[in-house]
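Subject: Structure for your files

Hello,

Please find the structure below, with the sequence. My notes follow it.

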Amino acid sequence: MIGGEVELSPPDLTTVLFVLAHDPDGEVSAGARRCLAELPEGVLREAVSTPSLHPRILDGIARLYLRNREIASLIVSHPHCPEETRLFLAERGIEVPHRTASSPHGTEEEAAQEFPEAGEGEVDEESEAFRGKYQLAQVMGVSDKIKIAQTGDKEWRMILIRDSNKLVSGTVIKNPRITEQEVLTICKSSIQNDEILRVICANKEWIKNYQIRKALVENNKTPLPSALRFLATLTEKDLAHLAKSKSVSSVLSTQARKLLLSKKKDK
């Protein structure tokens, strides 16, 4: 990848190189730093103009290219440029535009645009871009992860929903861009954060989806009252399966048998 064998978009290329520049392997790190320092100006310009570029990467580029006034000016104008980066560049004579007072994460409109989705499709976990984001997540602080979890794209959601910190993974499920297919995948997984399943159970739109209700019933982390409520909405075929299943609690399998008998009597 460092040799240019893989075609990546400017922001993804910059992200991957930034991550590799911090790789414990000295040779890999040195090669990535060299590539970062030699990026074409057009690539740099597009990368630092991308709303989703992480603040740490903006800071790294600012320090590496501080003599390039055009790039530095684009960085200080970026909506998520860190204050310490703005101060660093201001001290070196770069004009820093006034930032209007707002919430720590900017306006709602800025937050909605922070990680735009360009026709999200299937996520390729073997791609350089995905692995770059995954490695970046390993060195990010909790507050940065939460910020990305709020508005991040499908790749970021897939990475952060698995985060060991429950504040991070719990924020992903509240991301307004999350799809029903992703919710279904979460329901079918062995996720450790119980709060995520409670949020799903309380979402009236999501539980209209039969497959989501079924997956919630089959997930042992789902609160029992919710699982029992959804159980009553399942088909006879699924009830029959659950009645014999050893992978769900005995309470659910017993109730499935009762519901099955009741449905047969009503015929």
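Predicted model: local features only at pLDDT ≥ 70, side-chain atom pairs only at ≥ 80, totals over all residues.

Residues are numbered from 1 along each chain as its sequence is written, and side-chain values use heavy atoms, with hydrogens and water left out.

Whole chain

The chain has 17 helices and 0 strands; these are DSSP runs numbered from the N terminus, with helices being H or I of at least four residues and strands E of at least two. Of its 267 residues, 45% are buried, where buried means under 20% relative accessible area, exposed over 50% and partly exposed in between, with a 1.4 Å probe and protein chains only. The accessible surface is about 14600 Å², and carbon and sulfur atoms hold 52% of that (Shrake-Rupley method, 1.4 Å probe; for residues, only the protein chains shown count as cover). Among contacts with a separation of 6 or more, 55% join residues 24 or more positions apart; a contact means heavy atoms within 4.5 Å.

Helix α17

Helix α17 spans residues 250-265, 16 residues in total, and runs 23 Å from its first C-alpha to its last, close to the 22 Å expected at 1.5 Å a residue (that is, 1.5 Å times one less than the number of residues). Its buried residues are L252, S253, A256, L259 and L260. They sit on the same side of α17 because they cover an arc of only 120 degrees around the axis, taken from the directions from the helix axis to the C-beta atoms. Their cover includes α14 (210-218), α15 (224-231) and α16 (236-244). On the other side of α17, S250, K258, L261 and K265 are exposed.

Serine 169

S169 belongs to helix α11, residues 166-172, and is buried at a relative accessible area of 2%. A polar atom of its side chain lies 3.5 Å from the backbone oxygen of K166. Apart from neighbours within four places in sequence, S169 touches L160, I161, D163, N193 and I196.

Cysteines

How many disulfides are there? The count is 0, with a disulfide taken as a pair of cysteine sulfur atoms within 2.5 Å. For C187, the closest cysteine sulfur is that of C201, 7.3 Å away and therefore too far for a bond. C187 is buried at 2% relative accessibility, and C81 is buried at 2% as well.

Regards

Notes:
Polar contact = N/O pair within 3.5 Å; in protein donor to acceptor, adjacent residues only side chain to side chain.
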